[in-house]
Amino acid sequence: MKISNTKIYEQVADIILESIKSGEYKVGDRLPSIQQLAQIYGVSVASIREALNALRTIGVIELKQGYGTFIKQVKPTFFELGDKFTSIEQIKELLELREIVESATVEKAALNRNDSDLAQLKQSLDDMGKAVTDGTSGEKADLQFHLAIAKAAKNTLLVELLNNISGLIQDSMEETRKIFIYSAQKTMHRLHEEHVRIYNAIKSQDSSEAVMAMEAHLTEVRDTILTNFKQY
């Protein structure tokens, strides 16, 4: 099947995922080589690598060094209770805490930010943009963006609070980004655009817009996580 359009790697990943779900590829099967897949789908080798990276992220394939890429499981793995989260209640509490704390934090950041803060925010934003184009998840840059907002608020206790839960926040960001890659209505570009809106509000020192942008972003994150937690 030849394909062409923007976000090529996402399309390739979706097609391969559907082939796995339909039984064309079974658990334990080895996928064709990257070069062969590029020929099959009529796309670049780079797009195939990005697609396979995305599929590894959600656990459906695994790379065995020197042997190739194999089908690991049929269904994507998004949120699993265990090492990262012990209960759905913990996830809900984390999301609620973020909504309460970060809405107030971004308001202060818009009022108190300086040029150095903007530079840190812009760097994190650029790093997230690179993740969108290279097919990686970008949750580390996402976390740094939110921590930079706390620093810009000029409240050391807020920074300490977010640092204390940064591990859980980053885990939730990683899972959210997995979901965005494979949701028909959501893309990584959309997630990046939400952060651009927050940055622009902080840059223009529009505290009301900053709060609205943050609340819209965190509402989207909450709805995405909770909906997909029930599905998988």
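Modeller: Let's start with a term: a cavity is a set of grid points where a 1.4 Å probe fits but cannot get out, and its lining residues have an atom within 4 Å of a point. Please keep in mind that this is a predicted model.

Colleague: Thanks! How many cavities of 30 Å³ or more does a search of the whole structure find?

Modeller: Rolling a probe the size of a water molecule over the atoms shows where empty space is left. Here the search of the whole structure finds one cavity of 30 Å³ or more. The largest cavity has a volume of about 60 Å³.

Colleague: Which helix gives the most to the lining of the largest cavity?

Modeller: That is H8, with three residues. Helix H8 (166–181) and helix H10 (207–231) each supply at least two lining residues. Among the residues around the cavity are Arg-98, Asp-142, Met-173 and His-217. By type, the lining divides into three nonpolar, two polar and three charged residues.

Colleague: And the nonpolar core: which residues touch the most other members?

Modeller: In soluble globular proteins, nonpolar side chains tend to be buried together. In this model the largest nonpolar core has 26 residues, and Val-12, Ile-16, Tyr-41, Ile-48, Leu-52, Leu-55 and Ile-61 touch the most other members. Helices H1, H2, H3 and H9 are the elements that give two or more residues to this core, and H1 gives the most, with eight. Domain 1 (5–71) and domain 2 (88–229) each contribute at least three residues to this core.

Colleague: Where is the other core?

Modeller: Another core, of 21 residues, lies apart from the largest one, and its members include Ala-110, Leu-121, Ile-149 and Val-211.

Note on methods
Residues are numbered from 1 along each chain as its sequence is written. This is a predicted model: local features need pLDDT of at least 70, side-chain atom pairs count only at pLDDT 80 or more; totals for chains, interfaces and linings use all residues. Side-chain values use heavy atoms; hydrogens and water are left out. A nonpolar core is a set of buried Ala, Val, Leu, Ile, Met, Phe, Trp, Tyr and Cys residues joined through side-chain atoms within 4.5 Å. Buried means under 20% relative accessible area, exposed over 50%, partly exposed in between (1.4 Å probe, protein chains only). Helices (H or I, at least four residues) and strands (E, at least two) are DSSP runs, numbered from the N terminus. Domain bounds come from an automatic or database domain assignment. On a 1 Å grid over the protein atoms alone, a cavity is a set of points where a 1.4 Å probe fits but cannot get out, and a pocket is an open set with protein on both sides within 12 Å along at least five of seven lines; lining residues have an atom within 4 Å of a point. Grid points are joined across faces, edges and corners, and a volume is the space filled by probe spheres set on the points. Ala, Val, Leu, Ile, Met, Phe, Trp, Tyr, Cys and Pro count as nonpolar, Asp, Glu, Lys and Arg as charged, and the others, Gly among them, as polar.
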